[in-house]
Amino acid sequence: MASEPDCEHLPTNLRPILEREDSAMKHYVGAQLRSRLTAFAHALRALRKVPADVEALHDLRVAARRFLQALRLFGDFLNPRDARRMRRRIRTLMEHCGAVRNIDVTLELLRTASISDADLIAELSNRRRDLQTRMEAHLRRWRGDRSPKHWRSWLLPHRPSSQTWNDSRSAAENAPAVLARMSREYFEAGSAAAAAGGEHELHQFRLLGKRFRYSLELFADLYGPGAEARLRQLRRLQNSLGAINDCVVALELVQGHGQAEEVIRKLLASRRQEFLDHWPRFAKQRAAWQRWLEGARQDGTVSAETR
């Protein structure tokens, strides 16, 4: 399966917003939410045009996850009822897309492993057609008055309802504390998941990692060129964990097919070990990550030593 594109964190240039003298946090939040909504709506239209396109399906799922994390992170700035409605609709869409994607992942694993079980492949292909039909029916419900373009009016931020954000301060002043806290949670969860080594723990860490990375993308412009390298590090880990999860999903779908199960179990063990070998090296960077994330300044940059 295709991996997520590098650093598509800023479809629009937010520098003018950062440089405005009257720029409050909510201006930044509004721009980011609208940007994520635009990307999601574009990906949704692309998949509606060609529902069988595996890449379009992947792109929609990525855009949806990025928008969902923006809604989660900046929820304090939005009407709770509107935010819940958007999240609920997107999650239902993701369930339909995820069911199709799981079949695609399994078929790809079978091809990679040169498993030519005709009965299994036919079974999975038939199931995919049924799931795609359901997905296409759901996609049609996103047209007209139910199009996400009508959500723009819900993305007009007001003053935050909690102490997480200080609207009288800039995004660069708000971001360090929030991202540094997320980084601490990420490294702690990663070490715990690696120590446990179980599929459930690794899966939960994978989800946490996505939330952390998508949150960092929302503020990457504040951290300068160094953000690209940091995001690539997270992306590598996410791809490793995603490869493990692909095997877990595939195992559920090939039950009763001995050869396929055996090959995928071996691949799962190999991919898990690859992550477990890599994590200790990455975990040593925890202090450096903290220093870097805490280095944002009010002028929308980070100090030279943290880049």
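## Aromatic pairs and a helix contact

Leaving aside residues up to four places away in sequence, H278 touches R236 and L237, where contact means heavy atoms within 4.5 Å. The model is predicted, so local features need pLDDT of at least 70 and side-chain atom pairs count only at pLDDT 80 or more, while totals for chains, interfaces and linings use all residues. Residues are numbered from 1 along each chain as its sequence is written, and side-chain values use heavy atoms, with hydrogens and water left out.

H278 is part of helix α9; helices (H or I, at least four residues) are DSSP runs numbered from the N terminus. With a relative accessibility of 14%, H278 counts as buried, a term for under 20% relative accessible area with a 1.4 Å probe and protein chains only.

Across the whole structure, a search finds 28 aromatic pairs. Rings of Phe, Tyr and Trp (its six-membered ring) pair if their centres lie within 6.5 Å; planes under 30 degrees apart count as stacked, over 60 as edge-to-face and the rest as tilted. W279 and F282 are a tilted pair, because their ring centres are 5.6 Å apart and their planes stand at 50 degrees. Both residues lie in helix α9 (residues 258-283), 3 residues apart, about one turn of the helix. W279 is buried at a relative accessible area of 3%, and F282 is buried at 2%. F282 also pairs with W289, and both of these residues are buried.

| Pair | Centre to centre | Angle between planes | Class |
|---|---|---|---|
| W279 and F282 | 5.6 Å | 50 degrees | tilted |
| F282 and W289 | 6.1 Å | 65 degrees | edge-to-face |

W279, F282 and W289 belong to one aromatic cluster together with Y186, F187, F205, F212, Y223, F275 and W292.

R230 lies over the face of W289, 5.2 Å from the ring centre. R89 lies over the face of W142, at 3.8 Å from the ring centre. For such a placement, NZ of Lys or CZ of Arg is within 6 Å of the ring centre and within 35 degrees of the ring normal.

Helix α3 (residues 54-73) packs against helix α7 (residues 199-219) at an angle of about 80 degrees, with the axes 9 Å apart. Axes are lines fitted to C-alpha atoms over the stretch in contact, and angles run from 0 to 180 degrees between N-to-C directions. The two helices are therefore roughly perpendicular, the class for 65 to 115 degrees. Residues making the contact include R65, R66 and R72 of α3 and K210, R211 and E217 of α7.

Definitions and conventions. Buried < 20%, exposed > 50% of the residue type's maximum accessible area, 1.4 Å probe, protein only. Parallel < 35°, antiparallel > 145°, perpendicular 65-115°, else oblique.
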